[in-house]
Amino acid sequence: MEEFSYMLAPIEDMTDSCFRTMCHKYGADLTFTELMRFQSLAKNNKPSWDRIKLDDDTPTVIQLIGSREQFLKKFLKMFNPEKGFKGFNLNLGCPAPNFVNQGVGCAMIKRITKTKKLADIIKDHSFEVSIKMRLGLNQYEKEKKVYLNLIDAVDAAFFIIHARSGNQTYKDKADWSVFPECAKTGKNIIANGDIKTKEDVELMRSYGCKGVMIGRPAIADPLIFAKLKGMEVPSTEEWKIEYQKLVDERNPSYKYEKNVLKHALG
Ligand SMILES: Cc1cc2nc3c(=O)[nH]c(=O)nc-3n(C[C@H](O)[C@H](O)[C@H](O)COP(=O)(O)O)c2cc1C
């Protein structure tokens, strides 16, 4: 891990390899695939495998969601890391009812034994594992500080903390007050949620966080990482031409291009 890392968040239907490559070129140290069920990968579902394909050496973590150990083991037996692969991330943050009702996504935050087992399986295959989580399923779990129990108990390379509980929407401001106590655990903490400015980044650094993860602000402005780092940036038009060239080469599903061009850089 860099001394302080800038990470592009996984955003479903947007952060495909073209977008990840562009964000890495312009400042993101590490990128993530959108979430993928390891059960679908274990069942050899081709569209699922297409979504975790890496097209170049952009540093990329593959994000997985699920709970059944046998499927994770089966998937890992089939998996061969490509250039750019930087480990797996377990999603303990998705609040979608179809996941929560199955006890995964942010319902996993209090399933510490299960999370440890999944993390151990990944490490047994000699791959790095990280965790992305919310603060709990709801306000009650957040107040019980279930997130701290998980951070303390699980051995992972880093923990990305999206500072909301599962029942909060994006209208509720992320609660950055949790970051100092997370960092005090001594684990590598990456702050996530509403981080946009150099001042925000400096605040996270002062809390003892080892990096920041940026999602929606990077969709609105994929040059945000370069700007935060003080790098030179191309014009919007130049960025779009470069992005389009990658899309033409890689020919991803049209939804990615449509979503990125609708939101990125106005
Ligand atoms: C449309 C959308 C799709 C998302 N997809 C994922 C996902 O696949 N995996 C994940 O861990 N988080 C996902 N997230 C959450 C983001 O990664 C991030 O945690 C959240 O947007 C807060 O960060 P931000 O304020 O920088 O956007 C998604 C968020 C949005 C808005």
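**Packing and beyond**

Q: Which residues does Phe159 touch?
A: Leaving out residues up to four places away in sequence, Phe159 touches Ile131, Met133, Leu150, Ile151, Val154, Lys187, Asn188, Ile189 and Ile190. Contact here is heavy atoms within 4.5 Å. Do keep in mind that this is a predicted model, where local features need pLDDT of at least 70, side-chain atom pairs count only at pLDDT 80 or more, and totals for chains, interfaces and linings use all residues. Residues are numbered from 1 along each chain as its sequence is written, and side-chain values use heavy atoms, with hydrogens and water left out.

Q: How many residues are in the largest nonpolar core?
A: There are 82, and Phe75, Phe88, Met133 and Phe159 have the most contacts inside it. A nonpolar core is a set of buried Ala, Val, Leu, Ile, Met, Phe, Trp, Tyr and Cys residues joined through side-chain atoms within 4.5 Å. Buried means under 20% relative accessible area and exposed over 50%, with partly exposed in between (1.4 Å probe, protein chains only).

Q: Which helix gives this core its largest share?
A: Helix α8 (residues 146-153), with 5 residues. Helices (H or I, at least four residues) and strands (E, at least two) are DSSP runs, numbered from the N terminus. Apart from that core lies another, of 9 residues, including Met7, Ala9, Phe158 and Ile190.

Q: Switching to α10: which of its residues are buried?
A: In α10 (residues 198-206), those are Asp200, Val201 and Met204. Seen down the axis, the buried residues of α10 fall within an arc of 100°, so they line one face of the helix; the arc is that of the directions from the helix axis to the C-beta atoms.

Q: And what do they pack against?
A: β1 (5-8), α9 (179-183), β8 (189-192), β9 (211-214) and α12 (224-229). The face of α10 turned away from its buried side carries the exposed residues Glu199 and Ser206. Just after α10, Gly208 takes a positive phi of about 95°.

Q: New topic: where does Cys106 lie?
A: In the loop between α5 (97-100) and α6 (112-124). Cys106 counts as buried, at 1% relative accessibility.

Q: What does Cys106 touch?
A: Not counting residues up to four places away in sequence, Cys106 touches Leu92, Gly93, Cys94, Pro95, Val100, Gly136, Leu137 and Gly166. The C-alpha atoms of Cys106 and Gly93 are separated by 4.2 Å, with the two residues 13 apart along the chain.
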